[in-house]
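Dear colleague,

Please find below the structure that I am handing over to you, together with its sequence. My notes on it follow directly after.

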Amino acid sequence: MDVVTGASGLLGSHVVEKLVKQGRSVRALVRPNSDTSFLESLGVEVLRGSLIDQEFLNYALKGCNTLYHCAAKVGEWGPWQEFVENIIKPVESLVIACTVNKVQKVAHVSSITVYGHPKDSSFPIDESAPTGQYLWRADNYIRAKLQTEALWRKYQGGITILRPTWFFGPRDRTSLPRVLAAFRLNRIAQAGDGTNMLNVLYVGDVADGVIKAGQSPKSAGKTYNLSNPGEITQKEFLALLSDSLGYPRVRKVYSVRMAYIAGFVSEFIGKMILLKRPPHITRYSVGLVTRSNKFEISNAMNDLGWQPTTPVCDAVKATIEWHFGSAKRPGPLARSLT
């Protein structure tokens, strides 16, 4: 029995889908109010509950051979306690439940961001590189991910940690709407000269890596980067999104320094007015599109036989087609007020 947490989310739903195609028996764990229509169409067992409810988890992991932990708070915005409740505490409870049920293998999805903000981008970062480098005060997401990695390393069973880079695809209900809204409101700008390579991945490729790690006898006790070696520049990616949406190409250009300052100011104002959603620009989002670090994936290639296979243009097409379906795509607003 394979158990997947966050099964109704972006990555979790793709992991479940691929496991079903392999003929695996899957139990999907979701929040009580999650939309499970897609999971039900796959015919998997769906259990609703909280990942900090120890009794629920002890029951949910009965008979589990492999746990794929894909659930977590998405994004960088929010007070520290939200990250504790939605990232750290669930892992604390899962470690206990896995111990009680003697789960043989755990594939835990962390994040490439755990390396922090390395200053030297002249060589690829492999899994032995220091984590938490030069963290900012607001890096709650990174700090929470680092704590969960430390918690899982204490687990006595087989544990594999995956560190995927920024990924997207169909069933993205968090990051994609934010990007589309920014395009429509004319709040998208290029940061710097736009020649930096982006480490973007298609969610299906990430799901493949997570499953390969969960099923490989070589992966126990190891950590793997899941990244793109560099296929598309920031400028090319923005053009691809604009063309795919039928919007004018991005003309605003800010220096990287000014983009970070704008992100800092937006965050400051957002916190002052107790904004629940992330501001349209944050330092985290600026970092995603300006990050020049390369991440070594040779360990994943050698141990798991994994590497990205979906071209970014195909990933963007599939994502946008899923989001709009047969509905007419809304045109851009004439001018943003901010």
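**Strands and aromatic rings**

Strand 4 (residues 66–69) is covered on both faces: Thr66 and Tyr68 on one side, and Leu67 and His69 on the other, are all buried. Strands and helices here are DSSP runs numbered from the N terminus, with at least two residues (E) for a strand and at least four (H or I) for a helix. Buried stands for under 20% relative accessible area, exposed for over 50%, and partly exposed for the range in between (1.4 Å probe, protein chains only).

Please note that this is a predicted model, in which local features need pLDDT of at least 70 and side-chain atom pairs count only at pLDDT 80 or more, while totals for chains, interfaces and linings use all residues. Residues are numbered from 1 along each chain as its sequence is written, and side-chain values use heavy atoms, with hydrogens and water left out.

Strand 4 pairs with strand 1 in the parallel sense over four bridges; strands pair if DSSP finds at least two bridges between them. Within this pairing, Tyr68 of strand 4 is the bridge partner of Val4. Strand 4 also runs parallel to strand 5 (residues 105–109), joined by four bridges, and here Tyr68 has Ala107 as its bridge partner. Between strand 4 and strand 5 the chain passes through helix 4 (residues 80–101) in a right-handed β-α-β crossover, that is, clockwise from the first strand over the helix to the second when the strands point away from the viewer.

Asp2 belongs to strand 1 (residues 2–5) and counts as buried because its relative accessibility is 0%. Beyond its neighbours within four places in sequence, Asp2 has contacts (heavy atoms within 4.5 Å) that include Thr66 and Tyr68.

The whole structure holds five aromatic pairs; rings of Phe, Tyr and Trp (its six-membered ring) pair if their centres lie within 6.5 Å, and planes under 30 degrees apart count as stacked, over 60 as edge-to-face and the rest as tilted. One of the pairs is Trp136 with Tyr260, edge-to-face at 5.6 Å centre to centre and 80° between the planes. Trp136 lies in the loop between strand 5 and helix 5 (140–152) and Tyr260 in helix 9 (residues 256–272), so this pair ties together parts 124 residues apart in sequence. Trp136 is partly exposed at 24% relative accessibility, and Tyr260 is partly exposed at 25%.

Phe168 and Phe237 are both buried, and together with Trp166 they form one aromatic cluster.

With kind regards
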